[in-house]
Amino acid sequence: MKGVEEDRSSSSLPSSDPAGKRLDLVLEGGGVKGIALVGALEVLEEHGYRVNRVAGSSAGAIAGSMVAAGIAPSTMTGIMQELDYSRFQDGRRWNRYLPIQVVSVLRRKGIYPGRFVEDWLEEQLRTHSPLYRTGTFADLAYADPDPARTVPANEAFRLVVTASDISNGRLRFLPRDFEDYHRSPGEQRIVDAVRISMSIPFFFRPVGWKDSDGRPTWLVDGGMLSNFPITQFDAPAGVRPRWPTLGIKLSQRPDAALGVANRITGTVSFGVAILRTMMGFYDGMHIESADAVSRTIFIDTGAVGTTQFDLTTAERDMLHRRGREAAEKFLDGSGNRAGWDFERYIEQFRAQAV
């Protein structure tokens with residue numbers, strides 16, 4: 001994507017399309033905590049911002065797909081408040097018993113099929129998206145606002161979601177990397193990419209495809225390698241961004257969940273520790289920079305867990321409220337912190353850009 005951004009970011013937007021109100025978004029994954037993302041999105045919309053492109057992982061991919069499809073954040077709030085999160089734990093009723101879960105992991109590499117997510121998201125896109133035609137990435141086609149600029153065909157989409165190819169040990173960006181599996185990016189279903197991105201290892205069954213060499217390949221949660229791809233749309237060094245890229249992170253401070261100590265008492269905790277370390281390291285290289293911190297909305301999601309599918313109404317309201325509060329403080333300023341200003345960001349972090 002960086003090569004594309006170099007082509008798209010070296011000149012100003014047309015005067016009729018002010019850069020200050022157009023933005024790219026990067027949304028962190030976080031399971032059920034994703035309703036906090038929607039609260040922040042509401043505030044961005046109320047402040048007049050328009051989303052150009054969006055990248056995300058897991059819950060960020062779910063919210064991002066709706067935003068990219070033109071669904072208003074206020075509508076998204078109603079959707080998420082009505083969602084029965086317990087239905088994410090789909091499949092047969094006895095899947096919730098530990099012995100059956102162990103067998104499911106051993107035989108199918110995951111407990112829950114994940115079909116409910118696909119069906120539910122497809123229904124939301126079909127019902128609420130003004131762009132819905134086929135349910136494929138062709139519905140989310142992207143063209144640069146400057147007609148003189150072109151975008152490579154495999155990257156000309158408003159949505160990017162991350163996936164972890166554990167067979168090849170690679171981070172994948174969909175739909176661009178669909179080509180590595182002999183699949184045309186524009187012909188693939190949006191919900192299939194999102195389903196892959198939210199496939200929490202062992203919790204949801206991974207998706208099995210074949211790579212370009214015909215070898216079986218397993219794809220899981222993009223958050224395993226990058227849960228917060230903040231640099232996805234960044235212009236290269238020396239190139240002035242035409243509009244901002246903002247991130248929304250489901251933690252109250254930049255270093256949350258990075259370098260967290262893991263207590264290892266056995267095989268299971270050992271495996272969990274490996275996953276947590278992997279998920280934090282890649283993003284830690286980016287979010288620890290002052291540049292990334294300055295353009296990221298940090299949301300305190302309290303003690304709510306990623307797979308806490310029995311959320312109470314009060315917990316849902318708390319997550320949504322904190323998402324709004326965090327976005328308002330970021331945009332308007334709070335205490336000693338000034339509100340978001342794109343030109344100040346350019347002066348501080350891209351002063352050498354041309």
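Is Glu46 buried or exposed? With a relative accessibility of 51%, Glu46 counts as exposed (over 50% relative accessible area; buried means under 20% and partly exposed lies in between, using a 1.4 Å probe and protein chains only). The model is predicted, so local features need pLDDT of at least 70 and side-chain atom pairs count only at pLDDT 80 or more, whereas totals for chains, interfaces and linings use all residues. Residues are numbered from 1 along each chain as its sequence is written, and side-chain values use heavy atoms, with hydrogens and water left out.

Glu46 pairs with Arg324, with 2.9 Å between the closest N and O atoms. This pair links distant parts of the chain, 278 residues apart: Glu46 sits in helix 2 (residues 35–46) and Arg324 in helix 10 (residues 313–332). Helices here are DSSP runs of H or I with at least four residues, strands are runs of E with at least two, and both are numbered from the N terminus. Arg324 also meets Glu328 in a salt bridge, at 3.4 Å from N to O. Because Glu328 and Arg324 are four residues apart in helix 10, about one helical turn separates them. Glu328 is partly exposed, at 30% relative accessibility. A network of salt bridges links Glu42, Glu46, Arg324 and Glu328.

Elsewhere, Glu155 forms a salt bridge with Arg176, the closest N and O atoms being 3.9 Å apart. Glu155 lies in the loop between helix 6 (115–128) and strand 4 (159–165), and Arg176 in the loop between strand 5 (170–174) and helix 7, so the pair ties together parts 21 residues apart in sequence. Glu155 is buried, with a relative accessible area of 12%.

Helix 7 (residues 190–197) contains Ser197, a buried residue with a relative accessible area of 0%. Not counting residues up to four places away in sequence, Ser197 touches Gly56, Ser57, Ser58, Ala61, Val161, Thr162, Asp221 and Gly222 (heavy atoms within 4.5 Å). A polar atom of the Ser197 side chain lies 2.9 Å from the backbone nitrogen of Ser58.

Note on methods
Polar contact = N/O pair within 3.5 Å; in protein donor to acceptor, adjacent residues only side chain to side chain. Salt bridge = Lys/Arg side-chain N within 4 Å of Asp/Glu carboxyl O.
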